[in-house]
Amino acid sequence: MQPTISIPQDWAYPRFALNQRTKQGIILGLQYYQNGTELAEQFGGGWRYALMPKKNSDELFHFQESQIQPLTPEELFHQITAEIDFYQQQINILNRQLTALTGGFTNA
């Protein structure tokens with residue numbers, strides 16, 4: 001069963017999604033501040049997003065929806081291919097370690 005999120009009809013639909021990559025970082029959470037509430041008066045009404053600027057960072061920043069800039073398709077492509085290259089290198093290192101450990105014999 002796929003988890004779902006219900007958004008009340010009087011709220012605007014969020015512009016960004018969880019785990020979406022943006023120029024400010026990766027979206028880890030979102031929260032809605034309804035107009036007319038104390039939080040909306042203090043921070044601005046609408047959606048606010050929690051973003052981690054870099055993978056494995058311990059920093060978390062909060063932005064209003066209007067402060068977030070989406071990545072261009074080219075930037076997104078570059079980020080994803082760089083991550084694939086990084087993990088491919090890690091796989092190659094682990095394969096070499098496994099080969100050295102087993103003396104070249106694997107159960108593959």
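This is a predicted model: local features need pLDDT of at least 70, side-chain atom pairs count only at pLDDT 80 or more; totals for chains, interfaces and linings use all residues.
Strand β1 covers residues 21-22 and strand β2 covers residues 25-33; the two run antiparallel and are joined by two bridges. Together β1 and β2 make a hairpin, with two residues between them. Within this pairing, threonine 22 has glycine 25 of β2 standing opposite. Strand β2 also pairs with strand β3 (residues 46-52), again in the antiparallel sense, and here seven bridges are found.

The salt bridges come next. A search of the whole structure finds three of them. In one, the side chains of glutamate 83 and arginine 21 meet at 2.7 Å, N to O. This pair links distant parts of the chain, as glutamate 83 belongs to helix α2 (residues 73-102) and arginine 21 to strand β1, 62 residues apart. How exposed are these two partners? Glutamate 83 has a relative accessible area of 22%, so this residue is partly exposed. Arginine 21 also counts as partly exposed, because its relative accessibility is 22%.

Another salt bridge brings the side chains of lysine 55 and glutamate 83 together at 2.9 Å, N to O. Lysine 55 sits in the loop between β3 and β4 (61-64) while glutamate 83 is in helix α2, so the pair ties together parts that are 28 residues apart in sequence. With a relative accessibility of 44%, lysine 55 counts as partly exposed. Arg21, Lys55 and Glu83 are accordingly linked in a network of salt bridges.

A further salt bridge joins the side chains of glutamate 75 and lysine 23, at 3.6 Å, N to O. Which parts of the chain does this pair tie together? Glutamate 75 lies in helix α2 and lysine 23 in the loop between β1 and β2, so the pair ties together parts that are 52 residues apart in sequence. Glutamate 75 is partly exposed, with a relative accessible area of 29%, and lysine 23 is partly exposed as well, at 43%.

Glutamine 34 is 24 residues from aspartate 10 along the chain, and the C-alpha atoms of the two are separated by 9.2 Å. Their side chains are joined by a polar contact of 3.2 Å.

Leucine 18 likewise lies in the segment before β1. Its relative accessible area is 46%, so leucine 18 is partly exposed. Together with Ile5 and Leu30, Leu18 makes a nonpolar surface patch of about 290 Å².

Methods. Residues are numbered from 1 along each chain as its sequence is written. Side-chain values use heavy atoms; hydrogens and water are left out. Two strands pair if DSSP finds at least two bridges between them. Helices (H or I, at least four residues) and strands (E, at least two) are DSSP runs, numbered from the N terminus. A polar contact is a pair of N or O atoms within 3.5 Å; within protein, one must be able to donate a hydrogen and the other to accept it, and residues adjacent in sequence count only if both atoms are side-chain atoms. Patches are made of residues with over 30% relative accessible area and no salt bridge: like charges are joined within 9 Å, nonpolar side chains (Val, Leu, Ile, Met, Phe, Trp, Tyr) within 5 Å. Accessible areas come from the Shrake-Rupley method with a 1.4 Å probe; for residues, only the protein chains shown count as cover. A salt bridge is a side-chain nitrogen of Lys or Arg within 4 Å of a carboxyl oxygen of Asp or Glu. Buried means under 20% relative accessible area, exposed over 50%, partly exposed in between (1.4 Å probe, protein chains only).
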